[in-house]
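Here is my note on the model you sent. Please read it with the structure open.

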Amino acid sequence: MNEYELVIGMEIHVELKTESGMFCGCKNDQSLDKKPNIYTCPVCLGLPGALPVPNKKAIDWTIMLGLALGSEISEVSKFDRKHYFYPDLPKGYQISQYDMPLCVGGFVDTSFGRVRLHRIHLEEDTGTLKHTTLDGKRVSLVDFNRSGTPLVEIVTEPDIHSSAQAIEFLKKLHQIVRFVGISDADMEKGSMRLEPNISVRVKGSTELPQYKVEVKNINSFKFAAAAIEYEFKRHVALLEDGKIPVQETRGWNEDKNATVSQRVKEGASDYRYFPEPDIPPLRFSKEYINNLKSKIPESAQEKAQRYINEYKLSKAQCVGVITTPEFSNIFELMVVEGTKTSGVTASDVANWLINKKSSMANLSPEEFITKLIEESKTVAVSDDELNKIIKSVLFENEKAVTDYKSGKETVIMFLVGKVRAQLKIDTARILSALKKELIS
Amino acid sequence: MNKNLLDLSILELSERLKTKSISSVELVTESYQRMEASEPIIHAAITIRDKKEALGKAKNADETRKTDSHPLHGIPYVVKDAYLTKGMRTTAASKILDNYIPPYNATVIDRLEKCGAILIGKMNMDAWGHGASTENTDYPVTKNPWDTTRSAGGSGGGPAAAVALRYVPFAIGEDTGGSIRFPASWCGITALKVTYGRVSRYGAIAYASSLDSVGPTAKTTEDCAVVLEAIAGIDPYDATSSPHPVDKYVQGIKVSIKGKRIAFPLEYYKEGLDPEIKTAIIKAREQFVSLGAIVEDVFMPLLEFGVPVYYILAPSETSSNLGRYDGVRYGGTRELFTKETRRRILTGTYALSSGYYDAYYKKAQKARSVFIQNYTEILSKYDAILSPVTTISATKFGELLDDPVTNMMMDVYNVTVNIVGVPSLALPCGFTQKGLPIGMQIIGNMYGEKTLVSLGASYQAVTDWHKKIPRGENS
Amino acid sequence: MKGSSISAEDIKKIANLANIPISDTQAEELTKQVDVTVSYVSKLQELPTDSVVETSQVTGLENVVREDIVDKSRILTQKEALENAPHTHNGFFVVDAVLEEHE
């Protein structure tokens, strides 16, 4: 039996979190629970006579992403029409980019090797389709709220050779996208979507396989790995049998834990691309690009370096607080507040945030620092003071003491609680002091 | 009771309205009288606004008029049914949009509304702009007011007939490959194909996006100039609309054309051009000379390639622009497209398809550069080019329908103007022996509409072709 | 590519791409018409354009963009958006079930 390896190219779509649409001023509302067709206009609904005007921020953000990923920014770029018919595509064409994308090249390094990027371009998203039955007939319900949302498409070279590498690549890319600050890139909500193009070849071969299978409907990193693994086995089985896997689109089926055939691709689709006549071309000067470069927020790596240098955090602590840009910003606010009050170090703040994340992160910096100091006041209480309170609690709770001494060990927590109500200190300390007292 | 008010110019009407010697109510009443009298035969309109509603607008205009009101305040007008009008049916003359009521106004409609003009009709055309005779409409065909057995031209035959019959003082047409100039010539009126980008296309049902232009058609150059000033200018909703400042076009009326240089391209006047048309334009040339202009023969040998370039670009872009009509969000379904429209969609799809794109669409875009170079060369030495508009005068119905090539050749004088993007003023310059109007066009530099206005107005000051009105059985 | 002959098979493929339903009789007539048209425009091959760059925009404009601001004046209400549709349900547009997967 031959040894095989995966050859994977990824196509990733990222919805930008701009205020308005790619080519119109419709609200770009990323929440999920809204009513259908409430954010449309003549442009994104594809009404007769409507015309597109591009969103400057969407263009700038795409360039910034390209810069963060090491891409070349095209001096001249343009939009093109990509034609196909589908009910969620109102104009019968998608305004996208064909041969002059905003960004060319780029890369993401992984522990398995570099994954090169082929290109990054900007386009508009389509509406959404829901399947259901109405009056006994199978129908599709169309919602155009999402139509016209700015969408960035990132295409890699076929440099990914394992599911582990794929996941590492995706996690790194996901983090970069989030830290450039252009999208929430939430796979479950659909603001980041991915399609691996998978093929398999004999290990050691450098030629690209003659086929590839596109897999859709993947909405988590976990499923991406599972789908890749499934396809690997499936392709290997076919190849070992002397067959070539059919070039097609398959969908990941969560319930079956398998990919399912959706459509056979007869060669490339004919999208009849031509330059979008309604939108003049874009030209970027070096100054413009450099200005955008200076606006790129700190990356996760840059933050970590700074926290290690400035705040003396450990690498582990960095991983704990640099989860999202928002969370690391909260951390920094807390640190600023904390340094106003002496004794609270960045490390303290980090530990508290990491250990009590959900309950603490919503507090204002002042509230957070106050609470942190309060709960840390354990050191201020002497053993004498503690024993005095313990004695009075035991005196007032005779029954509990009797119960404990007769074997009901859990009762001690009730007594701990009573002590703690009077003394906000470490419960472990209370517990050990109580036990001592009860034995005596 | 005033009669034939609608034979007056816009500026004259505006004067009398301000001095209150006439009222908008009278004007609009006269419009409806004329429409009621002629429409059963002419079919210039697809949709006529409810009379009560229009009169209500007129009354309101009379009550709100001030001394500094816009010249178009309270003036009735019609538009080619390619412009979206909020709450008022818009069809592009196709069954697909037979019940379509738009939720928004085209920018040109908004601008005219702001001036106080009163829209009273959506006029007939070749469906989607596809044609030169208005016979490709899904509604009753518009008749030529000069001879009702003949076509009014196209694709804007409806607005042209409306202006010829003086239903209204002006109409908004649309020109992609001659659609405003061609019917103007066959109906004996004036029309302005503007510089591409001069007037916003937002809300104009797209035919060919890189060629479509929005412009006025009226009895005279002066009327066209008044309307142009009101509608020209950049629009944030149209990324191809120009930031070029809007000239005071009306001032161009008084400007002398002495010393203005006009090019006369010899290739345009060879075989294929009706001799009566040739004679009429040569007379016009002499007229320009007597007015002090300098007219010189030039060579523009690319003429023969204009129609092939156009019939690659336009069908390609229309095949794309018509993709949105899928019957999901509005309108009927695609089997309702007419034969002619299907021909253009399929030709365009072919020209854009993989394997053919380079040889057709891309090649046509290259040819476009060559044409631009050629025009720029000529227009750097001349203020305008004098050209015919049509090869023949109004044809009888059915003559044009079956042969696609003859059909396409009709556009020979018009299409290169759209391909390059320059403006052109079409105006009447004679009649055939059979009494059919003859038109010519003056093609200018990009944003050179003011010069065209000077040339047109000077010509119309010493001729009276534009004053002739088709009357008799049709009035 | 001088005036290449288009077959009825070609027309059916093109009609499919263009999403235009055509019957067999329509296909026959359209094949002739489109073929004549394409042959005629193929004349363009005679015009030399070797070192010429295409023009897609006669305006010469570049970098026409808009700020990232919500334009409330153009947003349609759900009612307006659905008003002209032949078939709607609970705020959605309705179409027959689509079997083909999205591109």
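**Notes on strands, helices and chain contacts**

1. Two bridges join strand β4 (residues 80-83) of chain A to β16(A), and the two run antiparallel. Strands here are DSSP E runs of at least two residues, helices are H or I runs of at least four, and both are numbered from the N terminus. Two strands pair if DSSP finds at least two bridges between them. In β16(A), A:Pro275 is the bridge partner of A:Asp80.

2. A word on conventions. The model is predicted, with local features needing pLDDT of at least 70 and side-chain atom pairs counting only at pLDDT 80 or more, while totals for chains, interfaces and linings use all residues. Residues are numbered from 1 along each chain as its sequence is written, and chains are lettered from A and ligands numbered from 1 in the order in which they are written.

3. Back to the sheet. Its order is β5-β4-β16 in chain A, an open sheet of three strands with antiparallel pairing. β5 (93-96) and β16 (274-275) of chain A are the edge strands, each pairing on one side only.

4. How do α10(A) and α12(A) pack? Helix α10 (residues 383-396) and helix α12 (residues 411-422), both of chain A, meet at an angle of about 130°, with axes 10 Å apart. Axes are lines fitted to C-alpha atoms, for helices over the stretch in contact, and angles run from 0 to 180 degrees between N-to-C directions. α10(A) is therefore oblique to α12(A). Oblique is what remains after under 35 degrees (roughly parallel), over 145 (roughly antiparallel) and 65 to 115 (roughly perpendicular).

5. Which residues make that contact? α10(A) supplies A:Ile389, A:Ile390 and A:Val393. α12(A) supplies A:Leu415, A:Lys418, A:Val419 and A:Gln422. Contact means C-beta atoms, placed from the backbone, within 7 Å.

6. Chains C and A touch through 35 residues from chain C and 46 residues from chain A. On the chain C side, α3 (78-82) and β2 (92-96) each supply at least two residues. β2(C) gives the most, with five residues. β2(C) also pairs with strand β10 (residues 137-143) of chain A, antiparallel, over four bridges. A:Val139 stands opposite C:Asp96 there.

7. The contact of chains B and C takes 47 residues from chain B and 39 residues from chain C. On the chain B side, α11(B) gives the most, with eleven residues.

Key. Contact = placed C-beta atoms within 7 Å.
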